[in-house]
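Hi everyone, thanks for coming. Let me put the structure up and walk you through a few spots.

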Amino acid sequence: MEKGKRIKKEEKRLNAIFRDVEENKKKTVEGLIKRAAFMRASLEDFEADLDENGFVEMFQQGEKQEPYERKRPTADLYNTMNTSYQKIIKQLTDLLPEGKKDSDELLDFLGGGKS
């Protein structure tokens, strides 16, 4: 599926989970959801690239230098974005009403649910 469609699908899913957030927190949640959806789609793309091409590549500084293995830039991007994504998810879950934090929907979202 194209990245834009995956982002919209994720935004829709997250909006359903966070629909009961207090009115004064909705703008904050809206922005975090947009970032989280983009990051999730991007992370999926990075993961596919890393699965296909690996985390390291051979690199040669100059013609007379021996090639050596180095971490691919995609691996750094993935690690940085994954950390930021986890922070956003934490922020989002902290904004949920107390009764909603233990819901099946949230557990599914976080990967600990039944589905």
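Let's start with a question: is glutamate 10 buried or exposed? Glutamate 10 counts as buried, because its relative accessibility is 7%; buried means under 20% relative accessible area, exposed over 50%, and partly exposed in between, with a 1.4 Å probe and protein chains only.

Before I go on, a word on the basis: this is a predicted model, where local features need pLDDT of at least 70 and side-chain atom pairs count only at pLDDT 80 or more, while totals for chains, interfaces and linings use all residues. Residues are numbered from 1 along each chain as its sequence is written, and side-chain values use heavy atoms, with hydrogens and water left out.

Back to glutamate 10, which is found in helix 1, residues 3–17 (helices are DSSP runs of H or I, at least four residues, numbered from the N terminus). Helix 1 passes helix 2 in a right-handed crossing, meaning that the near helix is turned clockwise from the far one by less than a right angle.

Now for the rings. How many aromatic pairs does a search of the whole structure find? The search finds one: phenylalanine 59 and tyrosine 68, edge-to-face, at 5.7 Å centre to centre and 80° between the planes (ring centres of Phe, Tyr and Trp, the last by its six-membered ring, lie within 6.5 Å; planes under 30 degrees apart are stacked, over 60 edge-to-face, the rest tilted). Phenylalanine 59 counts as partly exposed at 23% relative accessibility, and tyrosine 68 is partly exposed too, at 38%. Thanks, happy to chat!

Conventions:
Helix = DSSP H or I, 4+ residues; strand = E, 2+ residues; numbered from the N terminus.
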